[in-house]
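Subject: Structure handover

Hello,

Here is the structure I promised you. Please open it next to this email and follow along.

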Amino acid sequence: MDFYKIFLSAHKGFGYLELVLVALFTVALLTVMFGFSGKVNKFLKKTTLFTMIFFHVQFLVGICLLLIFSPGFKAALDSGTLMSDSYARFQYVEHPFSMLIAAVLMTIVNKKVKANPTISLGVVIMGLIAVGLFAFAFPWTRVFGA
């Protein structure tokens with residue numbers, strides 16, 4: 001059994017699910033932000049929770065894929081081309097660290113949304129930064145083609 005292919009398929013499958021959840025989270029966040037009352041509703045709480053959970057699952061699967069199973073990461077480290085090659089830098093440095101920061105920001109946003117009855121501008125900005133980092137680090141060309 002090839003665990004690399006299993007983890008790669010899981011990472012890719014959760015990526016599609018994460019795209020849907022991030023879109024729902026963005027719609028819910030902007031709806032509450034531009035709503036008249038600014039009160040946090042159940043839809044925002046649930047989408048924030050599920051988006052955060054799947055960010056963490058996706059990150060853990062990706063870290064296992066990177067550190068344990070990835071032959072390309074080990075080859076790039078050994079040859080010294082990790083930072084000089086743009087593909088390797090994006091794949092093995094920028095992508096994981098951007099997703100880590102996005103997962104941390106989503107955790108903070110989830111905590112703030114759960115604890116407060118109304119939404120503040122800081123929470124909206126953190127949520128949009130997390131979505132922006134996710135959009136930056138998502139491998140669009142590998143998933144949808146060029």
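Helix α4 passes helix α5 in a left-handed crossing. Left-handed means that the near helix is turned anticlockwise from the far one by less than a right angle; clockwise would be right-handed. In the contact of α4 with α5, 17 residues are nonpolar, three are polar and two are charged. Here Ala, Val, Leu, Ile, Met, Phe, Trp, Tyr, Cys and Pro count as nonpolar, Asp, Glu, Lys and Arg as charged, and the others, Gly among them, as polar.

This is a predicted model: local features need pLDDT of at least 70, side-chain atom pairs count only at pLDDT 80 or more, and totals for chains, interfaces and linings use all residues. Residues are numbered from 1 along each chain as its sequence is written, and side-chain values use heavy atoms, with hydrogens and water left out.

Now the angles. α4 covers residues 86-115 and α5 covers residues 121-137. They pack at about 155°, with axes 8 Å apart. That makes α4 roughly antiparallel to α5. The cut-offs: under 35 degrees is roughly parallel, over 145 roughly antiparallel, 65 to 115 roughly perpendicular, and the rest oblique. Axes are lines fitted to C-alpha atoms, for helices over the stretch in contact, and angles run from 0 to 180 degrees between N-to-C directions.

Helix α2 (residues 42-69) and α4 cross at roughly 150°, and their axes come within 9 Å. α2 and α4 are therefore roughly antiparallel, and their crossing is left-handed. Helix α1 (residues 3-34) and α5 cross at roughly 155°, with axes that come within 11 Å. This pair is also left-handed.

α4 has 30 residues and reaches 41 Å from first C-alpha to last, close to the 44 Å expected at 1.5 Å a residue. The expected span is 1.5 Å times one less than the number of residues. Where is the kink in α4? A kink of about 35° lies at Glu94, shortly before the proline Pro96. The bend at a residue is the angle between axes fitted to the seven residues ending there and the seven starting there.

Then the whole chain. It has six helices and zero strands. Helices (H or I, at least four residues) and strands (E, at least two) are DSSP runs, numbered from the N terminus. The C-alpha trace spans about 55 × 35 × 30 Å along its principal axes.

Best wishes
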